[in-house]
Structures are given as structure tokens and as C-alpha cells.
Amino acid sequence: MAEIDKHFHKDDIPWIQGIPIDLYMEDTLFWPFTPNGQYIVKSGYRVGREMNLNPTRCSNMTDIQKWWKMIWSLHLPPRMKLFGWRVCHNWLPAKMNLKHRGMEVNTRCELCTRYDETLTHALWSCDKVKCIWKLLPWYKQASKLGEGSMFDILKSLEQIINKQDFEDTIKILWAIWENRNRK
Ligand SMILES: [Zn+2]
């Protein structure tokens, strides 16, 4: 945990430490990283360790620090900030993520039935959600961001839209994700 202390404001640390346990129990009622969906402590540690070993790709620690500070300082309800954090870490049970964790799932996107459901596909590039993004005035500038990770997309977006628009973006992502999982 000393590593966390170095990079986060003290007020943010309880959030971060609380994450692996709260997250899936409350929202989705299953833990996507074990085959039977049960949260087990070992799995939580493993996921946590992988996240530490593979931090979001920023070469510069100051950039990372600034980025997370920005995320946690958004004027959004806590669960949406947490959602933004999970999006950046690709830590949501999109079907391809489940498959990479060893679960046997049909990875095809159920909305368009044309592509595999990566997190980026589910939230950004699926035709069925793109029509929402296209309504936004800044989308033209963002339409060339491509198919990288959601973290890459958000990092680029943050450069071209203002804070208010960025907050709205997280809200829309949240709504898209909630809607996708309500079926
Ligand atoms: Zn799709």
C-alpha cells in the first residue's frame, strides 16, 4: 500500500483500497474474474497485483498522478467517478475481458451482432452507441480517435474537450454501460 500512498491524495486512498471488494457485489452481483463468478480473496489479490504490474500506460508518473487527480475531482456522483476509474483500467466485465479471464462466453456484441464486445466496442465504437456520440457537437473532432483502449480514448478526449464536456462524457459512458447491462 506504500505505493498507493506515493501517488494519491490521502482522501482518495480509502476509495482505491475499497475498490476490489465493493465493486462487483453492489453493481453487477458477480465477480467476473473467477470462473463461477464468486468473489474470492485470492482472485482479488491477483487482479490487484496485475493492475499494479500493468498500470495504465503513461510513461511519466506525474502525468498519471495528474490524471487520477483530475478523475477524482470531477463534479460527478462518487459511483460515476468510480466508474470512470474502472473504464480507464479496462476493469469492467465486457465479454472479451471475461474471455481473457478464462470464462466461456459468447464474445459477440449483442447489440450489433457484428463484432466482439471489447470495452471500447461496448462504450464507444459499436454502431448502436456511436449514434449517441454523433449527437455531441465535439464528436467530429473525436471521431478519428480509433479503436485504442478506453483509457487512450479518454486521454485524447480530455485534450480536446472542456471539463464540463468531459464530465458529461463520463455520464454518457455510465448510461451506456448501465443500459447495456439492463437487458
Ligand atoms: Zn456492437
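Of the 183 residues of the protein chain, 21% count as buried, a residue being buried if 20 or more other C-beta atoms lie within 10 Å of its own, exposed if 12 or fewer, and partly exposed in between, with C-beta atoms placed from the backbone. The model is a predicted one, in which local features need pLDDT of at least 70 and side-chain atom pairs count only at pLDDT 80 or more, while totals for chains, interfaces and linings use all residues. Residues are numbered from 1 along each chain as its sequence is written.

Colour the chain by secondary structure to begin: it has eleven helices and zero strands, where helices (H or I, at least four residues) and strands (E, at least two) are DSSP runs numbered from the N terminus.

Next, select Val 87, Leu 92, Leu 119, Ala 122, Leu 123 and Met 150, the residues with the most contacts inside the largest nonpolar core, which has 20 residues; such a core is a set of buried Ala, Val, Leu, Ile, Met, Phe, Trp, Tyr and Cys residues joined through C-beta atoms within 7 Å. Helices H5 (78–88), H7 (119–125), H10 (150–160) and H11 (163–180) each supply at least two residues of this core, and H7 gives the most, with four residues.

Stay with Leu 123 and show what it touches: leaving aside residues up to four places away in sequence, these are Val 87, Val 129, Met 150, Leu 173, Ile 176 and Trp 177, a contact requiring C-beta atoms, placed from the backbone, within 7 Å.

Now select H5, whose buried residues are Lys 81, Leu 82, Phe 83, Gly 84 and Val 87; these pack against H4, H7, H10 and H11.

The axes of H5 and H11 come within 10 Å and cross at roughly 80 degrees, axes being lines fitted to C-alpha atoms, for helices over the stretch in contact, with angles running from 0 to 180 degrees between N-to-C directions. The two helices H5 and H11 are therefore roughly perpendicular to each other, the term for angles of 65 to 115 degrees. Met 80, Phe 83, Gly 84 and Val 87 in H5 meet Ile 170, Lys 171, Leu 173 and Trp 174 in H11.

Just after H5, pick out Asn 90, which takes a positive phi of about 50 degrees.

Finish at Met 70 in helix H4 (residues 61–72), which counts as partly exposed because it has 13 C-beta neighbours inside 10 Å. Its C-alpha atom and that of Glu 158, 88 residues apart along the chain, are separated by 10.0 Å.

Key:
Two residues are in contact if their C-beta atoms, placed from the backbone, lie within 7 Å. Angles under 35 degrees count as roughly parallel, over 145 as roughly antiparallel, 65 to 115 as roughly perpendicular and the rest as oblique.
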